[in-house]
Amino acid sequence: MLTFTIRRLLFAIPTLLFIALMIFLLLELAPGDPMANVPLTVPSEVKEQMRQALGLGEPAPIRFWKWIVQFFWIEPLNVVDAMFGTGFAEGQLRIISWQNRAPVFATIAERIPQTLWVVGTAYLVAIAIAIPVGIYSAYRQYSFFDQAGTFVTMVGFSVPPFFSGVLVIIIFAVQLRWFPSIYDTTLVVDSWAALKQQIWQMFLPVMILALQITSQLSRFMRASMLDNLGQDYVRTARAKGLRERTVVLVHVLRNSMIPVVTVIALGIPQVFGGAIITEQVFKVNGIGQLLITALQANDLPMVQTLTFIFAVLIVLFNLIADVLYGILDPRIRYD
């Protein structure tokens, strides 16, 4: 198993470097100038000094190499310094946002808690609901529960968040006034009352996101369970006299989780990436909104770093999914 994991990890390194190069080259071709918003009263020599300070006067290969070193070496050292009070990264130039002139990773660290509160909770709720619903729908195929679940999941998967989000705001926030319509990002959870208020304001965005994620996961779970319930090993297990609960929840469920693990693992990076549309609708000041703001301001270091972080997370959770495959089905690790 260790050899299997190391092989997958070594394969991920050139993949990440290639992705980083593609992101850098694509953003190099993007139109716009970060100095365009500088007031006209600023002298040209001052603008040139600002351009040099932002690293815009260097060739593209040098800027790419510096960004790679900053991302994989200097920024992790800053994390170590912050955690242990060391000074390994002292005096080193960090990745600086063109928009707010602050370190990119510091800005991201400020936004991640809001994203994890909303999108992370929604993902956990969706997994907790989708897997049991998918199992029971497959076991009771064409029952009333299965048909009702199919209808609800199809509606949840088909209706876009920008419509369902506005709809629940109108019904539950404006008309009934049960929940707030705008997410308060300044709320500090330091007491039970603050925690209750946090849960209250999270309810609508979490409900919208969880409905969409549950709709996808439950259909995958149902289809995978149906595929395995008709296999020969299931009939053999029943013929041996095993209890139906053991057959379904031990033998069938373990094999059915293999494709579902892929969907769950590849969906986790979306938690860190934030739900861009939902964050915009509910005014959640998270990572998704940060990316939109950076795109509008032509803040290439922020866009480049956020996009690559999403790519790193996707490759990382692909690796985790591969390892979980090997645990669920030992035959895979020898392929």
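Student: Before I zoom in, what should I know about how the values were made?
Tutor: This is a predicted model, where local features need pLDDT of at least 70 and side-chain atom pairs count only at pLDDT 80 or more, while totals for chains, interfaces and linings use all residues. Residues are numbered from 1 along each chain as its sequence is written, and side-chain values use heavy atoms, leaving out hydrogens and water.

Student: What is the mean pLDDT of the chain?
Tutor: The mean is 81, and 89% of the residues reach 70 or more. pLDDT is the predictor's confidence in each residue, from 0 to 100.

Student: Which helix has the lowest mean pLDDT?
Tutor: Helix H2 (residues 44–53), at 67, whereas helix H4 (residues 104–139) has the highest, 87. Where pLDDT is low, the predicted coordinates should not be read in detail.

Student: OK, and how many helices and strands are there?
Tutor: Twelve helices and zero strands. Helices (H or I, at least four residues) and strands (E, at least two) are DSSP runs, numbered from the N terminus.

Student: Switching to rings: how many aromatic pairs does the structure hold?
Tutor: There are 13 aromatic pairs. Rings of Phe, Tyr and Trp (its six-membered ring) pair if their centres lie within 6.5 Å; planes under 30 degrees apart are stacked, over 60 edge-to-face, and the rest tilted.

Student: Why is the pair of Trp 67 and Phe 71 tilted?
Tutor: Their planes are at 55 degrees, so the pair counts as tilted, with the ring centres 6.0 Å apart. Both residues sit in helix H3 (residues 60–84), and because they are four residues apart there, about one helical turn separates them.

Student: Are those two buried or exposed?
Tutor: Trp 67 and Phe 71 are both buried. Buried means under 20% relative accessible area, exposed over 50%, and partly exposed in between (1.4 Å probe, protein chains only).

Student: What about Phe 172 and Trp 178?
Tutor: Phe 172 and Trp 178 form a tilted pair too, 5.9 Å centre to centre with 40 degrees between the planes. Phe 172 is partly exposed at 23% relative accessible area, and Trp 178 is partly exposed at 48%.

Student: Where does UniProt place the "transmembrane region" feature?
Tutor: The unreviewed UniProt entry lists residues 116–139, 151–179, 199–217, 247–268 and 308–328. UniProt positions are given in the numbering used here, feature names are shortened, and annotations may be inferred rather than shown by experiment.

Student: How much of residues 247–268 is helix?
Tutor: That span is 100% helix, with its end C-alpha atoms 29 Å apart. Residues 151–179 are 79% helix, with end C-alpha atoms 27 Å apart.
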